[in-house]
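Here are my notes on the model you sent over.

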Amino acid sequence: MTGFRTLFYKEILRFWKVATQTISAPVLTAMLYLLIFGHVLEDHVQVYPDVRYTSFLVPGLVMMSVLQNAFANSSSSLIQSKITGNLVFVLLPPLSHWEIYGAYVLAAALRGLAVGAGVFLITAWFTHPTFVAPWWIAVFALLGAAILGTMGLIAGIWAEKFDQLAAFQNFLIMPATFLSGVFYSIHSLPPFWQTVSRFNPFFYMIDGFRYGFFGQSDVDPLRSFAIVAIFFAVLASLAVGLLKSGYKLRH
Amino acid sequence: MAALEIVNVEKRYKSLQALGGVSLRIEQGEFFGLLGPNGAGKTTLISIVAGLSRADAGSVAIYGYDVVRDYRQARKHLGVVPQELVFDPFFTVRETLRMQSGYFGLTRNDAWIDEVMENLGLADKADANMRALSGGMKRRVLVAQALVHRPPVIVLDEPTAGVDVELRQTLWKFIARLNREGHTIVLTTHYLEEAQALCNRVAMLKAGKVVALDTTAALIKRISGSQLVINLARGTLPDSLKPLVSHPQELVSGNRYTLRVNEYTEVEPILAALREAGAVIDDMQLQQADLEDVFLQIMEGGK
């Protein structure tokens, strides 16, 4: 356990020592989204009855911040360590693949949740949030953060250069989060794109998370939970499997 | 039980056969040298021992623990100083060493961390950020990181490459002390005089194979007892003496020759042969063979 705790602590320290860049900056970005989209669309879009567009936007932005920052943390930590060579300090000790997985993903989830909490606290000041089902909020936030932390770990193991990691981030993670219904309800989409959205696991994370605030969603939260939980289990076994096999880490 | 047992290890990188069936048994308490030119497979072998790389065939055990099957126990018994100068720029020296202890499951390790820092001349840099250290200081931290868990087997992969004399002396003093206290040391180095001074046994690797394995003393004895180095002011080496030349390039390059001499009585006939050929000696030395000669002879042989 000491090995796991130390690596977890190191991963937290790594982002905490540069918190301006890893926490404050993404909080500011999310605030800008809220101010601009809220200002432009407030009077034109009504997704749920009795829910103002700005209020609708907040949970989506919070979740998007959680997801993107969880991904950014584990992926950038791993690729930096790989490229500078100091990953050797983690590979030489008797750390098991479970310990390495747990430490990287938990720290990534923690950073995602810290940014998400920051975004929420600041945006809550402009809107008046409701909490219809707080447990669902917690469950989807945790699962979403863990999933993206895991995806970041996989991307970090796979990528050999920074631009490969950037490609992963720009061509997979960004479109998947933006097209998951952060800014809209998928019911407003044409039928074809509604169907496409239903194949995007990120959609269920955000939809379920939003249900916790408004008690309204595009899909039944239990169903979203089942899909997200299975998605997590698959990714987690893939990541642990990669660590166990030494794929691209132990040549 | 052997400190390190390497059995028939093979490793291939695409078309390159990095290791072609290496076997070595290193006993507890040895100071063992692993020598060979660049690309001979030394670092590949160390990576496999450390679990940074996986062998294609064969097995490695540290204190009887297989490095793949019982990797946790094996790694607890092993400390490795990597060849590359790597560091984590986020942390200070003390943070780095505390974290490395933690990875090995150790808390409250500060007394030993302080002792290691003291012995490696790092004490006054304890709270300096890794980024702020000179190359030599970073190298010391790498050594300290390998020692935080008091591993019974310590592997140093060219620890003195590009390092100043002071650090070399500090380092060898400390490593020699650890060896006296029972730690097994495995060293790769390009400085053969270092290996000769420190190692009780030496393996030489060439193109992924062990080409020599013996005690340092026996290896040196294996080649001619001594060497006669002569500089000629005039004339050339007569044909009868050419087979005695130990470095073939000397036959092409000029007037300095190193001749193998097994007994002192062989010196007189050599001088006589030179005199008969009309050569005039400018300078002459009789040298004991050293590990470098053995190394060169073994590496040049079979070319």
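Predicted model: local features only at pLDDT ≥ 70, side-chain atom pairs only at ≥ 80, totals over all residues.

**Notes on chains A and B**

1. The buried residues of α7(A) are covered by, among others, α3 (53-84), α6 (134-158) and α9 (201-214) of chain A. Which residues of α7(A) are buried? They are A:Leu165, A:Phe168, A:Ile173 and A:Thr177.

2. α7(A) covers residues 162-178, 17 residues in total, and its first and last C-alpha atoms are 22 Å apart, close to the 24 Å expected at 1.5 Å a residue. If you trace the axis, you will find a bend of about 30 degrees at A:Gln169.

3. Now to where the chains meet. The contact involves 24 residues of chain A and 24 residues of chain B. On chain A, α1 (2-16) and α4 (88-91) each supply at least two residues to the side that touches chain B. The most comes from α1(A), with 8 residues. Sorted by class, that side of chain A has 10 nonpolar, 9 polar and 5 charged residues.

4. Chain B as a whole comes next. Its secondary structure consists of 11 helices and 13 strands, and its C-alpha atoms fill a box of roughly 75 × 45 × 35 Å along the principal axes. Of its 303 residues, 41% count as buried. Among contacts in chain B with a separation of 6 or more, 72% are between residues 24 or more positions apart.

5. Strand β7 (residues 153-157) of chain B is mostly covered, with 5 of its 5 residues buried.

6. Strand β6 (residues 78-81) of chain B pairs with β7(B) in the parallel sense over 4 bridges, and B:Leu78 stands opposite B:Val153. β7(B) also runs parallel to strand β8 (residues 184-188) of chain B, joined by 5 bridges; here B:Val153 stands opposite B:Thr184. Between β7(B) and β8(B) the chain passes through helix α6 (residues 165-180) of chain B, making a right-handed β-α-β crossover.

7. Chain B also has an open sheet of 4 strands, in the order β2-β1-β4-β5, with antiparallel pairing. β2 (16-26) and β5 (65-66) of chain B each have a single partner strand, so one side of each is left without a neighbour in the sheet. Within this sheet, β1 (residues 4-13) of chain B and β2(B) run antiparallel with 8 bridges between them, and B:Arg12 stands opposite B:Gln17.

8. Finally, is strand β13 (residues 280-288) of chain B buried or in the open? The number buried among its 9 residues is 0, so β13(B) lies largely in the open. Its pairing with strand β11 (residues 226-234) of chain B is antiparallel, over 8 bridges, and B:Leu228 stands opposite B:Leu286 in β13(B).

Definitions and conventions. Residues numbered from 1 in each chain as written. Chains lettered and ligands numbered in written order. Expected span 1.5 Å × (residues − 1). Bend = angle between axes of the 7 residues up to and from the residue. Buried ≥ 20, exposed ≤ 12 C-beta atoms within 10 Å, placed from the backbone. Contact = placed C-beta atoms within 7 Å. Pairing = 2+ DSSP bridges. Right-handed = clockwise from strand over helix to strand, strands pointing away. Nonpolar A, V, L, I, M, F, W, Y, C, P; charged D, E, K, R; others polar.
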